[in-house]
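Student: I'm new to this one and would like to look at it with you. Could you take me through it step by step?

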Amino acid sequence: MRFNSRVLSLTVLGSGSAGNCSLIATSQCRVLVDAGFSARQIAQRLEAIGVRPETLDAILITHEHSDHVAGLEIFCRRFGTPVYANPLTAEILRRGSLADSSGWNLFKTGGVFSVKDIEIQSFYVPHDAVDPAAFVFTGHEGSIGLLTDLGYAPKLALERIRHVHTLVIETNHDERMLQEDPKRPWSVKQRILSRHGHLSNESAAKVVAAIAGHQLRRVVLGHLSRDCNRPDIALETMRRYGIEGIDLFCAEQNDVSPSFSVTRVWRSAVGDQVNPVRGNSDKYEQTQATFDL
Ligand SMILES: [Zn+2]
Ligand SMILES: [Zn+2]
């Protein structure tokens, strides 16, 4: 894959409740966010987009749940990729055989650091992990927010993502599908719905509505539950909120997304593969006015 020199790009290698992994890149730098598939799967998906796994500059970890770190240990052992995590998350991950790995870089949640020419702002999100983090990546020409695994979006998280050009956001479940799901016990449903669980389609749509109108040009939906959501429902929920002028795409568990280029000057990078959101602006204004954080 050829990356335009100054342009930040996003490729979701796969996203869903069974595994998450994304690539943020410029021509100088390649950063993987999470490693929630097997090492072999991650390597295959990278190779499918022309990226050699040994050329990665970093793997950033959002939190220690297995759908974000399942392949980390073997991938790092095989390719020697430096890992970036906050101290509490690193402590948990290093209890395994990653303890001897020397490639650990610790960041403080809430702080800013850089990997080559990509600046990374980390911030706390409410989720049932030791120190869950989300990120905003800024390159020369734009920024990408990555916001998954959170029970709700606190004000600080909204402030952090308010000016991003592209946002990856969790649309974990449709609330009715979750309530009616026969497989999950009540306690699990309560955990998912809690303030330290996951965003529903509606909650995610409210977050997008709250920051639309600034710089936001593209939204990528991710981390969908296999049993309690469907891409068409998640996309339709966004449309119901009437957010205009924003390209929408739903990431899949088993497919690599197109590579989205992120620039300050908007141009659609993937043409027909994204669906413009259409809706009515009255609804949108109402959404903004009544959005309660
Ligand atoms: Zn997750
Ligand atoms: Zn999680």
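Student: At what angle do helix α8 and helix α9 pack?
Tutor: Keep in mind that this is a predicted model. Look at α8, residues 201-211, and α9, residues 231-240, whose axes are 9 Å apart. The two helices pack at an angle of about 40°.

Student: Is α8 roughly parallel or oblique to α9?
Tutor: Angles under 35 degrees would count as roughly parallel, and the packing angle here is about 40°. The crossing is also right-handed. Because of that angle, α8 is classed relative to α9 as oblique.

Student: Which residues of α9 make the contact with α8?
Tutor: From the α8 side come Asn-201, Glu-202, Ala-205 and Val-208. By class, the contact has five nonpolar, two polar and one charged residues. On the α9 side you'll find Ile-233, Ala-234, Thr-237 and Met-238.

Student: How many of the 11 residues of α8 are buried?
Tutor: Check for residues with 20 or more other C-beta atoms within 10 Å. Among those that pass in α8 are Asn-201, Ala-205, Lys-206 and Ile-211. The helix is mostly covered, and its buried residues number nine.

Student: Which residue just after α8 takes a positive phi?
Tutor: Step just past the end of α8 and look at the backbone there. The phi angle to spot is about 100°, and it belongs to Gly-213.

Student: Now the strands. What is the order of the strands in the open sheet of seven?
Tutor: Start from the edges, where a strand pairs on one side only: these are β6 (104-106) and β14 (260-262). Neighbouring strands are turned by 25° against each other on average, direction ignored. The pairing is mixed, and the order reads β6-β5-β4-β3-β2-β1-β14.

Student: How many bridges join β1 to β2?
Tutor: A hairpin links β1 to β2 through two residues. The two strands run antiparallel, and Ser-15 stands opposite Asn-20 in β2. Counting the bridges that join β1 to β2 gives seven.

Student: Which residue is the bridge partner of Ser-22 in β3?
Tutor: Strand β2 covers residues 19-25 and β3 covers residues 30-33. They run antiparallel, joined by four bridges. In β3, the partner of Ser-22 is Val-33.

Student: Is Ala-39 buried or partly exposed?
Tutor: Ala-39 is in helix α1, residues 39-48. A buried residue needs 20 or more other C-beta atoms within 10 Å. Ala-39 has 19 such neighbours, so it counts as partly exposed.

Student: How far apart in space are Ala-39 and Phe-79, C-alpha to C-alpha?
Tutor: Leaving out residues up to four places away in sequence, Ala-39 touches Gly-71, Ile-74, Phe-75 and Arg-78. Phe-79 is 40 residues away from Ala-39 in sequence. In space, C-alpha to C-alpha, the distance between Ala-39 and Phe-79 is 9.7 Å.

Student: Zooming out, what percentage of the residues in the protein is buried?
Tutor: The protein has 10 helices and 15 strands. Of its contacts with a separation of 6 or more, 68% are between residues 24 or more positions apart. Out of 293 residues, the buried share is 48%.

Conventions: Residues numbered from 1 in each chain as written. Chains lettered and ligands numbered in written order. Predicted model: local features only at pLDDT ≥ 70, side-chain atom pairs only at ≥ 80, totals over all residues. Pairing = 2+ DSSP bridges. Axes fitted to C-alpha atoms, helices over the stretch in contact; angles between N-to-C directions. Parallel < 35°, antiparallel > 145°, perpendicular 65-115°, else oblique. Left-handed = near helix turned anticlockwise from the far one by under 90°. Contact = placed C-beta atoms within 7 Å. Nonpolar A, V, L, I, M, F, W, Y, C, P; charged D, E, K, R; others polar. Buried ≥ 20, exposed ≤ 12 C-beta atoms within 10 Å, placed from the backbone.
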